[in-house]
Amino acid sequence: KKKLTKKKRIGIIGAGPSGLAQIRAFEALQNQGEDIPEIVCFEKQSNWGGMWNYSWRTGVGKYGEPTHGSMYKYLWSNGPKECLEFSDYSFDEHFKKPISSYPPRPVLFDYIQGRIKKSKARDYIRFDTTARWVSFDEKAKKFTVILDDLKIDKTYSEEFDYLVVASGHFSTPNMPYFKGIENFPGAVIHAHDFKGADQFKDQNLLLIGSSYSAEDIGVQCYKHGANSVTLSYRSNPIGVEWPEGIKELPLVTHFEDDKAFFKNGTTERFDAVIMCTGYQHKFPFLPDELRLKTKNNLYPDHLYKGIFFNKLPQLIYLGMQDQYYTFNMFDTQAWVARDYMIGRLQIPEEAERKLDIDKWLEANDKLETGFDDVDFQSEYIKDLLSISDYPHFNVDEVGEMFKSWLKDKEEDILTYRDKTYQSVVTGTMAAEHHTEWMDELDDSKERYLYEPEEEDILSET
Ligand code: FAD
Ligand code: NA0
């Protein structure tokens, strides 16, 4: 018992894929017979999984906290699952059979939970607990975190030697204003509050933005029966060949009642407006001097190795970059962070760290195409792998898959999810889904894993 009190204490804010990766990294060490620090993870929702834990709520949750979830019904992976596979827990190990390359949200949520359900991960997490405020004592070199236990409405505080911020950055809407929008008679929402296409059936929709949310919500609404979808871009159109019923226009200048005016002189009437205008990095629990201030990009400034807050590396951020790689990137980050926290990895002094950051920022500035972005993030992952014992995977091969995915989308935005890829972890070729994506309106796990042949055999006997 005495030994326990001497242990370093590690606080983790958020039990989404990033926070769970951090817990998993420590468990991997424990499985090697090593002693691990004391870990406490705080999660404001009642369950783990972050974005993947779908919530029907908009606005605030049961306890009045801002609703975290931005995912919606009928959401299918927007990249091949082979590009995000954990290298220490394969899809084969979880599903025991090949599945398609683009599973729906409930299936990926199931996969995320697979490797940690088998362990004690849940014991480290305090659910329904919001991190309210953080301070750092320079003398004691410790963080104090003020927490709200939402269930019993009680505020308390705890001290930590290291703090891992894994609270995500796709939750707080960036909501621009357009003149006259206050008089628009239909629904005006941000993508964060979009919960599925059902309510927009037969409507004429205007989506502002030209990135993943605009593309995916637009295509979903088209698939599920919207009358028309118009995407409005500020900088560049998505630029694929859209089917009849979806089109792109330059930016809206203003609204008059239900009429939108566009930069190219076009005017159209709409039933609803969905702002697909991205998210803010928002850390209301962090003071100015500890807060990461950045736009959504592939290499946020002030983070050494994209993880350690340069002015105070005891403060660790996971998953704060824009993401091609997701689960496997969070893992590589968490493994590196773990090794630093247990003293296995030494990092250079602040000035030298800054030089390294600047080198990455300079390369980031030069990126022009999607392919450049993929190469950049692949190099970043390889850099992390070179300093950690996270099971290596063929990053170059994954990079190539990302490039084919970009090409697939350009070729046909409605059918790219029917393509299949090969796992770099197991070599398994993905199965073809039993139904083409455009015809598949049911995103449940049961429907996804159902095997028509087996069913047929059963009915014959
Ligand atoms: P999150 O998943 O956002 O988790 C953060 C956690 O921190 C949450 O559980 C939250 O409740 C908790 N939290 C926040 N603040 C506090 C606080 N103050 N106190 C306590 N807890 C707190 N990625 C893919 O790979 N494929 C996809 O198809 C895909 N689709 C996406 C679709 C949408 C609409 C969005 C928004 C994102 C999508 N992503 C996708 C990216 C997704 O963000 C990542 O896959 C992943 O969820 C990021 O994990 P995270 O743990 O960093 O953050
Ligand atoms: P996201 O698309 O929500 O993806 C987040 C977009 O908003 C850009 O097009 C930007 O234009 C535009 N924008 C910002 N301010 C604007 C303004 N004032 N007026 C007009 N347009 C404005 O956000 P971003 O940041 O990519 O783009 C913002 C994440 O969610 C992604 O990581 C994605 O992977 C994930 N996601 C995944 C899925 C699926 O997997 C679906 C949705 C989202 P500009 O001019 O800056 O280019 C199915």
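In this predicted model, a backbone N or O atom of Asn78 lies 3.1 Å from an oxygen atom of ligand 1. Ligand 1, taken alone, exposes 980 Å², and the protein buries 92% of that area. Two further polar contacts of ligand 1 can be described: one of its oxygen atoms is 3.1 Å from an N or O atom in the side chain of Trp52, and one of its nitrogen atoms is 3.2 Å from a polar backbone atom of Lys44.

The surroundings of ligand 1 comprise 32 residues, of which Ser18, Glu43, Met51, His68 and Thr326 are the closest. By class, this shell divides into 15 nonpolar, 15 polar and two charged residues. Helix H2 (17-31), strand E4 (129-137) and helix H6 (327-341) are the elements that each give two or more residues to the shell, and the largest share, three residues, comes from E4.

Asn78 also takes part in the surroundings of ligand 2, where a polar side-chain atom of Asn78 lies 3.1 Å from an oxygen atom of that ligand. The table sets out polar contacts of ligand 2.

| Residue | Part of the residue | Atom of ligand 2 | Distance |
|---|---|---|---|
| Asn78 | polar side-chain atom | oxygen | 3.1 Å |
| Tyr212 | polar backbone atom | oxygen | 3.2 Å |
| Ser213 | side-chain N or O atom | oxygen | 2.5 Å |

Taken alone, ligand 2 exposes 930 Å², and 81% of this is buried by the protein. Around ligand 2 there are 25 residues, the closest being Asn78, Ser211, Ser213, Arg234 and Ser235. This shell has eleven nonpolar, ten polar and four charged residues, and helix H5 (residues 212-223) gives the most to it, with three residues.

Turning to the protein chain as a whole, eleven helices and 20 strands are found in it. The radius of gyration of the chain is 23 Å, close to the 23 Å that the globule rule gives for 461 residues, so the chain is as compact as a globular protein of that length. Along the principal axes, the C-alpha atoms fill a box of roughly 70 × 65 × 50 Å.

Of the 461 residues in the protein chain, 55% are buried. The chain exposes about 21,100 Å², of which carbon and sulfur atoms supply 47%. Among contacts between residues at least 6 apart in sequence, 67% join residues that are at least 24 apart.

Conventions: Residues numbered from 1 in each chain as written. Chains lettered and ligands numbered in written order. Predicted model: local features only at pLDDT ≥ 70, side-chain atom pairs only at ≥ 80, totals over all residues. Heavy atoms only, no water. Near = heavy atom within 4 Å. Polar contact = N/O pair within 3.5 Å; in protein donor to acceptor, adjacent residues only side chain to side chain. Areas by Shrake-Rupley, 256 points an atom, 1.4 Å probe, with all protein chains shown as cover. Helix = DSSP H or I, 4+ residues; strand = E, 2+ residues; numbered from the N terminus. Nonpolar A, V, L, I, M, F, W, Y, C, P; charged D, E, K, R; others polar. Rg over C-alpha atoms; globule rule 2.2 N^0.38 Å. Buried < 20%, exposed > 50% of the residue type's maximum accessible area, 1.4 Å probe, protein only. Contact = heavy atoms within 4.5 Å.
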